[in-house]
Amino acid sequence: MMEKIVGPIEGHAHAGVTDVESYRDVHMRAARAAGKDVLEVDSDVYAYVNHGRWVVDCVCNGAGLTSPEFKMTCCFDCGRVYTSVVFPGDSAKIEKVLLAREEKERRNWMRGESVATLQAEGVGS
Ligand SMILES: [Zn+2]
């Protein structure tokens, strides 16, 4: 299997997430089971890569998995759904540089960091 920067499909595979619809469905059921309201947030939020996962920080201090394909995220800590996740235009290049790094802990990208900066950091430690 080709390695990927982890998004909702990879991170929630055990729960049966295969697309945006099933992601929202899994999240809705989890929120209900926990007695939380699902709250939609349509203002822009920004994705970044942490330890090989595309994530978005939530105002509750939790975080949700996202991906350039999904462009949305669900926070399982509080029940919020962010429907407008912003990705860098060169997300595919960023993924490629990060995936060349063997340790997942080193696969990090902050908003505004250029591909050139990532490349300069190299693949080693
Ligand atoms: Zn939250």
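**View 1. β3 and β4 form a hairpin with 2 residues between them.** In the turn, H51 has a positive phi of about 50 degrees. This is a predicted model. Find Y48, then look across to β4: Y48 stands opposite V55. How many residues of β4 are buried? The count is 4 of its 5 residues, so β4 is mostly covered.

**View 2. A second hairpin links β4 to β5.** This hairpin has 5 residues between its strands. One of its residues, N61, takes a positive phi near 85 degrees. The pairing of β4 with β5 is antiparallel and runs over 3 bridges. Here V56 stands opposite G64 in β5.

**View 3. Three strands make an open sheet in the order β3-β4-β5.** The pairing in this sheet is antiparallel. Which strands stand at the edges? They are β3 and β5. Each has a single partner strand, so one side of each is left without a neighbour in the sheet. Neighbouring strands of this sheet are turned against each other by 50 degrees on average, direction ignored.

**View 4. C58 sits in the loop between β4 (53-57) and β5 (63-65).** Is C58 buried or exposed? C58 is buried, because 20 other C-beta atoms lie within 10 Å, and 20 is enough to count as buried. Leaving out residues up to four places away in sequence, C58 touches A63, G64, C75, D77, C78 and R80. Among these, G64 is also the residue that V56 faces in β5. Now compare C58 with V45. They are 13 residues apart in sequence. In space, C-alpha to C-alpha, they are 8.9 Å apart.

**View 5. Another open sheet of 3 strands has the order β1-β7-β6.** The pairing in this sheet is mixed. Its edge strands are β1 (39-41) and β6 (73-74), and each pairs on one side only. Strands β6 and β7 run antiparallel. How many bridges join β6 to β7? There are 2 bridges, with β7 spanning residues 80-82. T73 has its bridge partner in β7, and that partner is Y82.

**View 6. Helix α3 (residues 91-99) has buried residues, including I94, E95 and L98.** Why do these three lie on the same side of α3? They cover an arc of only 100 degrees around the axis, which puts them on the same side of the helix. An α-helix has 3.6 residues a turn, so residues three or four places apart point the same way. What covers the buried residues of α3? The cover includes β3 (48-50) and α4 (115-121).

**View 7. The whole protein has 4 helices and 8 strands.** Along the sequence, the pattern is α-α-β-β-β-β-β-β-β-β-α-α. The radius of gyration is 15 Å, close to the 14 Å that the globule rule gives for 125 residues, so the protein is as compact as a globular protein of that length. Its C-alpha atoms fill a box of roughly 45 × 30 × 20 Å, taken along the principal axes. Buried residues make up 30% of the 125 residues. Take the contacts between residues at least 6 apart in sequence: 51% of them join residues at least 24 apart.

Definitions and conventions:
Residues numbered from 1 in each chain as written. Predicted model: local features only at pLDDT ≥ 70, side-chain atom pairs only at ≥ 80, totals over all residues. Buried ≥ 20, exposed ≤ 12 C-beta atoms within 10 Å, placed from the backbone. Contact = placed C-beta atoms within 7 Å. Pairing = 2+ DSSP bridges. Arc of directions from axis to C-beta. Axes fitted to C-alpha atoms, helices over the stretch in contact; angles between N-to-C directions. Rg over C-alpha atoms; globule rule 2.2 N^0.38 Å.
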